[in-house]
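Here's a quick report to read alongside the model. Have the viewer open as you go.

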Amino acid sequence: MATWVIGDVHGCFATLSRLLDRIRYERRRDRLWMVGDLVNRGPGSLEVLRWAAGLGDKLVTVLGNHDLHLLARARGLVEPRRRDTLDAVLAARDGDDLLAWLLARPLFHRDGDWTLVHAGLFPAWTLAQAERLARDTEAVLQGKNGDALLRADRKVAERWDEGLGGIARARAALAGFARLRTLTANGRMCPDFSGAPNEAPEGCAPWFERPRRSAGRGNTVVFGHWAALGLYRENGVVCLDSGAAWGRALSAIRLDDGAIVQQQTVD
(Lines give C-alpha, C1' and ligand atoms only; values in the text may rest on other atoms or scores of the structure.)
Protein backbone atom coordinates (compact mmCIF):
# COMPACT_ATOMS: atom_id res chain seq x y z
CA MET A 1 0.00 0.00 0.00
CA ALA A 2 1.25 3.47 -0.90
CA THR A 3 -0.01 6.94 -0.01
CA TRP A 4 0.21 9.43 -2.88
CA VAL A 5 -0.49 13.17 -2.78
CA ILE A 6 -1.39 14.88 -6.07
CA GLY A 7 -1.14 18.60 -6.82
CA ASP A 8 -3.66 21.07 -8.25
CA VAL A 9 -5.58 19.28 -11.02
CA HIS A 10 -7.70 22.26 -12.15
CA GLY A 11 -9.99 20.18 -14.33
CA CYS A 12 -7.15 18.54 -16.27
CA PHE A 13 -8.75 15.10 -16.21
CA ALA A 14 -6.77 13.57 -19.07
CA THR A 15 -3.52 14.60 -17.39
CA LEU A 16 -4.72 13.22 -14.06
CA SER A 17 -5.62 9.90 -15.68
CA ARG A 18 -2.17 9.57 -17.20
CA LEU A 19 -0.51 10.43 -13.89
CA LEU A 20 -2.56 7.79 -12.08
CA ASP A 21 -1.41 5.24 -14.68
CA ARG A 22 2.21 6.30 -14.20
CA ILE A 23 2.12 5.89 -10.43
CA ARG A 24 0.24 2.59 -10.86
CA TYR A 25 -2.49 3.72 -8.55
CA GLU A 26 -4.84 0.96 -7.43
CA ARG A 27 -7.97 1.97 -5.56
CA ARG A 28 -8.16 -1.22 -3.49
CA ARG A 29 -4.57 -0.94 -2.36
CA ASP A 30 -3.42 2.69 -2.26
CA ARG A 31 -4.42 5.84 -0.41
CA LEU A 32 -4.79 9.10 -2.30
CA TRP A 33 -4.62 12.69 -1.06
CA MET A 34 -5.13 15.83 -3.15
CA VAL A 35 -4.24 19.45 -2.36
CA GLY A 36 -7.49 20.95 -3.68
CA ASP A 37 -8.40 23.03 -6.72
CA LEU A 38 -9.89 20.00 -8.39
CA VAL A 39 -11.78 22.28 -10.77
CA ASN A 40 -11.52 25.26 -13.13
CA ARG A 41 -9.09 26.33 -15.87
CA GLY A 42 -8.91 22.89 -17.50
CA PRO A 43 -11.67 21.35 -19.66
CA GLY A 44 -12.64 18.39 -17.45
CA SER A 45 -13.86 19.77 -14.12
CA LEU A 46 -17.05 17.69 -14.24
CA GLU A 47 -15.11 14.49 -14.97
CA VAL A 48 -12.65 15.21 -12.15
CA LEU A 49 -15.45 15.77 -9.63
CA ARG A 50 -17.31 12.62 -10.66
CA TRP A 51 -14.12 10.58 -10.40
CA ALA A 52 -13.18 12.07 -7.02
CA ALA A 53 -16.63 11.70 -5.46
CA GLY A 54 -16.75 8.11 -6.69
CA LEU A 55 -13.67 7.19 -4.67
CA GLY A 56 -15.48 7.65 -1.38
CA ASP A 57 -13.24 7.27 1.66
CA LYS A 58 -10.31 6.19 -0.54
CA LEU A 59 -9.65 9.87 -1.28
CA VAL A 60 -8.82 12.80 0.99
CA THR A 61 -8.92 16.18 -0.71
CA VAL A 62 -8.93 19.62 0.89
CA LEU A 63 -10.85 22.62 -0.43
CA GLY A 64 -8.99 25.02 -2.68
CA ASN A 65 -9.89 28.56 -3.68
CA HIS A 66 -11.22 27.45 -7.08
CA ASP A 67 -13.38 24.82 -5.41
CA LEU A 68 -14.79 27.56 -3.17
CA HIS A 69 -15.35 29.75 -6.24
CA LEU A 70 -17.40 26.96 -7.81
CA LEU A 71 -19.54 26.71 -4.68
CA ALA A 72 -20.05 30.48 -4.72
CA ARG A 73 -20.93 30.43 -8.43
CA ALA A 74 -23.49 27.70 -7.87
CA ARG A 75 -25.25 29.85 -5.25
CA GLY A 76 -25.20 32.95 -7.42
CA LEU A 77 -22.94 34.79 -4.99
CA VAL A 78 -20.22 35.80 -7.47
CA GLU A 79 -19.94 36.54 -11.17
CA PRO A 80 -18.14 34.24 -13.63
CA ARG A 81 -14.48 34.99 -14.24
CA ARG A 82 -12.94 35.24 -17.68
CA ARG A 83 -11.10 31.89 -17.49
CA ASP A 84 -13.83 29.91 -15.69
CA THR A 85 -14.57 26.47 -17.12
CA LEU A 86 -17.33 25.52 -14.70
CA ASP A 87 -20.47 25.59 -16.85
CA ALA A 88 -20.57 21.82 -17.35
CA VAL A 89 -20.59 21.24 -13.59
CA LEU A 90 -23.28 23.84 -13.01
CA ALA A 91 -25.49 22.32 -15.72
CA ALA A 92 -24.89 18.64 -14.89
CA ARG A 93 -27.78 16.42 -13.86
CA ASP A 94 -25.76 15.27 -10.86
CA GLY A 95 -24.36 18.74 -10.18
CA ASP A 96 -26.20 19.22 -6.88
CA ASP A 97 -24.82 15.94 -5.52
CA LEU A 98 -21.30 16.81 -6.63
CA LEU A 99 -21.50 20.26 -5.04
CA ALA A 100 -22.78 18.76 -1.79
CA TRP A 101 -19.86 16.34 -1.81
CA LEU A 102 -17.42 19.18 -2.48
CA LEU A 103 -18.82 21.33 0.31
CA ALA A 104 -18.23 18.48 2.77
CA ARG A 105 -14.46 18.36 2.06
CA PRO A 106 -12.10 19.53 4.83
CA LEU A 107 -9.74 22.51 4.83
CA PHE A 108 -7.01 20.70 6.75
CA HIS A 109 -5.97 17.05 7.09
CA ARG A 110 -3.27 15.57 9.29
CA ASP A 111 -2.04 12.00 9.53
CA GLY A 112 1.10 11.18 11.49
CA ASP A 113 4.01 13.35 10.33
CA TRP A 114 2.13 14.76 7.31
CA THR A 115 -0.26 17.69 7.05
CA LEU A 116 -2.33 18.61 3.99
CA VAL A 117 -3.69 22.09 3.18
CA HIS A 118 -4.40 23.90 -0.06
CA ALA A 119 -2.42 27.11 0.41
CA GLY A 120 -0.73 27.57 3.78
CA LEU A 121 -0.82 28.17 7.51
CA PHE A 122 -0.45 31.45 9.34
CA PRO A 123 2.90 31.46 11.21
CA ALA A 124 1.28 31.88 14.63
CA TRP A 125 -0.81 28.71 14.29
CA THR A 126 0.14 25.44 15.90
CA LEU A 127 -1.05 22.32 14.15
CA ALA A 128 -3.58 21.68 16.88
CA GLN A 129 -4.92 25.23 16.57
CA ALA A 130 -5.03 25.00 12.78
CA GLU A 131 -7.04 21.79 13.01
CA ARG A 132 -9.55 23.35 15.40
CA LEU A 133 -9.87 26.43 13.19
CA ALA A 134 -10.41 24.25 10.14
CA ARG A 135 -13.24 22.35 11.79
CA ASP A 136 -14.84 25.61 12.99
CA THR A 137 -14.54 27.21 9.55
CA GLU A 138 -15.93 24.13 7.81
CA ALA A 139 -18.95 24.32 10.12
CA VAL A 140 -19.53 27.93 9.07
CA LEU A 141 -19.24 27.04 5.38
CA GLN A 142 -21.75 24.25 5.79
CA GLY A 143 -24.14 26.21 8.02
CA LYS A 144 -26.52 29.15 7.82
CA ASN A 145 -23.65 31.65 7.40
CA GLY A 146 -22.07 29.74 4.54
CA ASP A 147 -23.22 32.21 1.91
CA ALA A 148 -21.77 35.13 3.86
CA LEU A 149 -18.42 33.40 4.15
CA LEU A 150 -18.30 32.38 0.48
CA ARG A 151 -19.22 35.91 -0.55
CA ALA A 152 -16.45 37.30 1.67
CA ASP A 153 -13.82 34.90 0.31
CA ARG A 154 -12.03 37.43 -1.86
CA LYS A 155 -8.46 38.70 -2.26
CA VAL A 156 -8.21 40.63 0.99
CA ALA A 157 -5.09 41.41 3.01
CA GLU A 158 -6.14 39.29 5.97
CA ARG A 159 -4.05 39.17 9.14
CA TRP A 160 -4.53 36.51 11.76
CA ASP A 161 -5.43 37.77 15.21
CA GLU A 162 -6.52 35.41 17.97
CA GLY A 163 -8.97 38.07 19.11
CA LEU A 164 -11.03 37.83 15.92
CA GLY A 165 -14.55 36.47 16.29
CA GLY A 166 -17.56 35.49 14.23
CA ILE A 167 -17.43 35.74 10.46
CA ALA A 168 -14.20 37.79 10.60
CA ARG A 169 -12.43 34.89 12.31
CA ALA A 170 -13.74 32.35 9.80
CA ARG A 171 -12.86 34.67 6.90
CA ALA A 172 -9.24 35.07 8.05
CA ALA A 173 -8.85 31.35 8.72
CA LEU A 174 -10.30 30.49 5.31
CA ALA A 175 -7.89 32.91 3.63
CA GLY A 176 -4.98 31.18 5.32
CA PHE A 177 -6.04 27.68 4.33
CA ALA A 178 -7.14 28.51 0.78
CA ARG A 179 -5.30 31.64 -0.44
CA LEU A 180 -2.11 32.28 1.52
CA ARG A 181 1.20 32.66 -0.32
CA THR A 182 3.22 35.54 1.13
CA LEU A 183 3.06 37.64 4.28
CA THR A 184 4.47 40.89 5.60
CA ALA A 185 6.62 40.89 8.72
CA ASN A 186 3.59 41.69 10.87
CA GLY A 187 1.67 38.72 9.47
CA ARG A 188 -0.59 40.43 6.92
CA MET A 189 -1.22 38.64 3.64
CA CYS A 190 0.03 40.06 0.35
CA PRO A 191 -3.10 38.93 -1.52
CA ASP A 192 -2.42 40.38 -4.97
CA PHE A 193 0.95 38.69 -5.46
CA SER A 194 1.11 35.26 -7.12
CA GLY A 195 4.55 35.32 -8.77
CA ALA A 196 7.80 33.60 -7.88
CA PRO A 197 9.17 34.25 -4.37
CA ASN A 198 12.15 36.23 -5.68
CA GLU A 199 9.73 38.62 -7.39
CA ALA A 200 7.69 39.34 -4.27
CA PRO A 201 7.05 42.98 -3.33
CA GLU A 202 9.35 44.44 -0.72
CA GLY A 203 8.41 43.18 2.72
CA CYS A 204 6.50 40.12 1.47
CA ALA A 205 7.94 36.65 2.05
CA PRO A 206 6.60 33.08 1.71
CA TRP A 207 4.47 32.03 4.69
CA PHE A 208 6.76 29.07 5.35
CA GLU A 209 9.83 31.29 5.68
CA ARG A 210 8.41 33.62 8.30
CA PRO A 211 9.81 33.51 11.86
CA ARG A 212 7.58 32.15 14.59
CA ARG A 213 6.16 29.48 12.30
CA SER A 214 4.71 27.04 14.78
CA ALA A 215 2.67 24.68 12.63
CA GLY A 216 4.75 22.05 10.94
CA ARG A 217 7.64 21.79 13.40
CA GLY A 218 8.53 18.11 13.16
CA ASN A 219 5.77 17.70 10.58
CA THR A 220 5.81 18.11 6.80
CA VAL A 221 3.15 20.39 5.30
CA VAL A 222 2.05 19.51 1.76
CA PHE A 223 0.25 22.24 -0.18
CA GLY A 224 -0.45 23.61 -3.66
CA HIS A 225 -1.97 26.91 -4.85
CA TRP A 226 1.33 28.51 -5.93
CA ALA A 227 2.06 27.63 -9.55
CA ALA A 228 4.86 30.20 -9.78
CA LEU A 229 6.64 28.49 -6.88
CA GLY A 230 6.22 25.16 -8.65
CA LEU A 231 7.40 21.83 -7.32
CA TYR A 232 9.24 22.73 -4.13
CA ARG A 233 10.55 20.60 -1.27
CA GLU A 234 12.52 22.28 1.52
CA ASN A 235 12.55 22.67 5.32
CA GLY A 236 9.42 20.72 6.16
CA VAL A 237 7.18 21.88 3.30
CA VAL A 238 6.29 20.41 -0.09
CA CYS A 239 4.52 22.43 -2.80
CA LEU A 240 2.92 20.29 -5.52
CA ASP A 241 1.43 22.98 -7.76
CA SER A 242 3.54 22.53 -10.86
CA GLY A 243 1.21 24.43 -13.18
CA ALA A 244 -0.97 21.75 -14.78
CA ALA A 245 -3.53 24.41 -15.67
CA TRP A 246 -0.81 26.47 -17.36
CA GLY A 247 0.35 23.70 -19.69
CA ARG A 248 3.23 22.52 -17.52
CA ALA A 249 2.86 19.39 -15.39
CA LEU A 250 0.86 17.62 -12.69
CA SER A 251 2.93 16.34 -9.77
CA ALA A 252 2.56 13.59 -7.17
CA ILE A 253 4.64 12.62 -4.15
CA ARG A 254 4.65 9.21 -2.47
CA LEU A 255 4.67 9.85 1.26
CA ASP A 256 6.21 6.48 2.04
CA ASP A 257 9.59 7.34 0.50
CA GLY A 258 9.32 10.87 -0.96
CA ALA A 259 9.39 9.73 -4.59
CA ILE A 260 8.15 12.37 -7.07
CA VAL A 261 6.34 11.59 -10.33
CA GLN A 262 5.30 14.26 -12.84
CA GLN A 263 3.07 14.12 -15.89
CA GLN A 264 3.21 16.80 -18.58
CA THR A 265 -0.16 18.45 -19.22
CA VAL A 266 -2.05 16.89 -22.12
CA ASP A 267 -5.48 18.57 -21.75
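## Cysteines

How many disulfides does a search of the whole structure find? It finds 1 disulfide, meaning a pair of cysteine sulfur atoms within 2.5 Å. Bear in mind that this is a predicted model: local features need pLDDT of at least 70, side-chain atom pairs count only at pLDDT 80 or more, and totals for chains, interfaces and linings use all residues. Residues are numbered from 1 along each chain as its sequence is written, and side-chain values use heavy atoms, with hydrogens and water left out.

The bonded pair is Cys 190 and Cys 204, with sulfur atoms 2.1 Å apart. Their link is left-handed, at -100° about the S-S bond. Both Cys 190 and Cys 204 are buried (under 20% relative accessible area, 1.4 Å probe, protein chains only).

What about Cys 12? Its sulfur is too far for a bond, because the closest cysteine sulfur, in Cys 239, is 16 Å away. Cys 12 is buried at 2% relative accessible area, and Cys 239 is buried at 0%.

## The sheet

Five strands make an open sheet in the order β4-β5-β8-β10-β9, with mixed pairing. Strands here are DSSP E runs of at least two residues, helices H or I runs of at least four, numbered from the N terminus; two strands pair if DSSP finds at least two bridges between them. The edges are β4 (109-111) and β9 (232-234). β9 and β10 (residues 237-239) run antiparallel, joined by 3 bridges.

## Helix α8

Buried residues of α8 include Ala 170, Leu 174 and Phe 177. Among the elements covering the buried residues of α8 are α3 (65-74) and α6 (127-142).

Note on methods:
Buried means under 20% relative accessible area, exposed over 50%, partly exposed in between (1.4 Å probe, protein chains only). Contact means heavy atoms within 4.5 Å.
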